[in-house]
Amino acid sequence: MQSKLPGSFSDLEQWLNERRVTEIECLVPDLTGVARGKILPREKFTEDRGMRLPEGIVAIGVTGEFPASGPYYDVITPTDRDMHLQPDPATVRIVPWATDPTAQVIHDCYDREGKLIPYAPRSVLKRVCQLYDDQGWSPVVAPELEFYLIERSVDPNMPLKPPKGRSGRAETSRQAYSIDAVNEFDPLFEDIYDYCEKMELNVDTLIHEVGAGQMEINFFHDHPLGLADEVFFFKRTIREAALRHEMYATFMAKPMANEPGSAMHIHQSVVDKVTGQNIFSNPDGSPSQAFYWFIGGLQRYIPAAMALFAPYVNSYRRLVRSNAAPINIQWGTDNRTVGIRSPVATPAARRIENRVVGSDANPYVAMAATLACGYLGVTKQIEPTPECRGDAYLGDYQLPRSLGEAVNLLRDETDLAEVLGQDFITIYTEIKEVEHAEFMKVISPWEREHLLLHV
């Protein structure tokens, strides 16, 4: 059973006292979802009630690079001034693998005028949730997060392999939903569940997915901000637990060429704050107009938002025909070949699943973007296409096929910029341009094999 998390700084102090915490990891998620920040002694944390970091620290690419010039500096000052980070007491969690009593707390980023930094991922999700709040709605989400366990590999030039389980053998065949295949890694999952319980994370079920060594964890339905925090914590937890069992856990969208990719499916519904009713259902239990408009918004805006759902060059290797990932924005009921699925559910639990998002996406950014698409659909009353009742893999590709194409679509989409914030779109697209340029410097084995002596 979960304890009540602190709601104020004095509550936070009491929480830390009860657990005799001596050290605090002060964290802020950057655009990639990497935890950045400082580790402070307890006394220093209590005295300062926050910290300062350069404002560019949440606006760097996965390689740690940032633009040398351009629109990036229309948002971030060239002098790289400080931003003030304040802890959100409700995010405090124990660090279960630490030797000394240690807590971790997520911080929000503010400028010197006390305004939220608009391009920080947590700020973007807060902005979108506020738009829902202004309409009298409360968004509800539930992510399903896939990941691979892989054998330790320190050479990035070598292909990855599944790890050996208790039997001493690695998986070589499809083991979807196999209980025995999960039990191969019992000691690891016992640690993961123990860590999650100590961190009070709302994890629901664990299943073995289609790929060799591929697992999925489902989270309970809840408010997006709290769940994005939990996914952020969960990724750290899984990686740490795997390391302690001599293997890696990866959230790459496509880590192995001949295995399916990993997704972060996001289930979404919206509750009327006055009535407490799901606005996707009519009183007679039938789907409401808002349900169809939400789907219409996802169909209209997902292609432009793909750089937010599939943020790396590798992400687009996952989105291939007939490989457990969508290739288009068709929608259907109880249909896993489409990008937008309506699972079988009671009227109260009617929801829409965005199956396009990769597990490599930043959870704050991905949840903000998918809710933004649905919000635009409802507020602009966008009608969806007719329901797909067959195999959507037989249809045309409707999603960008590369990061470069996706970035251009995102940069040109003004409606999404209005909802997510123009400053965020500017910073994000500029960073993605830098990452793409870095990737293009690399000559792949395929190029050496097929081009070296033949062109």
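User: Where is Asn354 found?
Analyst: In this predicted model, Asn354 is part of strand 14, residues 352-354.

User: Buried or exposed?
Analyst: Asn354 counts as buried because its relative accessible area is 0%, and the cut-off for buried is under 20%.

User: And what does the side chain of Asn354 make a polar contact with?
Analyst: The side chain of Thr370, at 3.0 Å. Leaving aside neighbours within four places in sequence, Asn354 also has contacts that include Met264, His265, Leu298 and Phe309.

User: OK, switching to rings. How many aromatic pairs are there?
Analyst: The count is 16. One of them is Phe232 with Tyr364, a tilted pair with 6.2 Å centre to centre and 55° between the planes. That pair links distant parts of the chain, with Phe232 in helix 7 and Tyr364 in helix 10, 132 residues apart. Both Phe232 and Tyr364 are buried.

User: What about Tyr292 and Trp331, why is that pair edge-to-face?
Analyst: Because the planes sit at 70°, and over 60 counts as edge-to-face. The ring centres of Tyr292 and Trp331 are 6.1 Å apart. Tyr292 is in helix 8 and Trp331 in strand 12, so the pair ties together parts 39 residues apart in sequence.

User: Are those two buried or partly exposed?
Analyst: Tyr292 is partly exposed at 28% relative accessible area, while Trp331 is buried at 5%.

User: Which residues do ring pairs link into a cluster with Trp331?
Analyst: Phe280, Phe291, Tyr292 and Phe294. Arg350 also lies over the face of Phe291, 5.9 Å from the ring centre.

User: And what sits over the ring of Tyr397?
Analyst: The charged end of Arg401, 3.6 Å from the centre of that ring.

Methods
Residues are numbered from 1 along each chain as its sequence is written. This is a predicted model: local features need pLDDT of at least 70, side-chain atom pairs count only at pLDDT 80 or more; totals for chains, interfaces and linings use all residues. Side-chain values use heavy atoms; hydrogens and water are left out. Helices (H or I, at least four residues) and strands (E, at least two) are DSSP runs, numbered from the N terminus. Buried means under 20% relative accessible area, exposed over 50%, partly exposed in between (1.4 Å probe, protein chains only). A polar contact is a pair of N or O atoms within 3.5 Å; within protein, one must be able to donate a hydrogen and the other to accept it, and residues adjacent in sequence count only if both atoms are side-chain atoms. Contact means heavy atoms within 4.5 Å. Rings of Phe, Tyr and Trp (its six-membered ring) pair if their centres lie within 6.5 Å; planes under 30 degrees apart count as stacked, over 60 as edge-to-face and the rest as tilted. A charge sits over a ring if NZ of Lys or CZ of Arg is within 6 Å of the ring centre and within 35 degrees of the ring normal.
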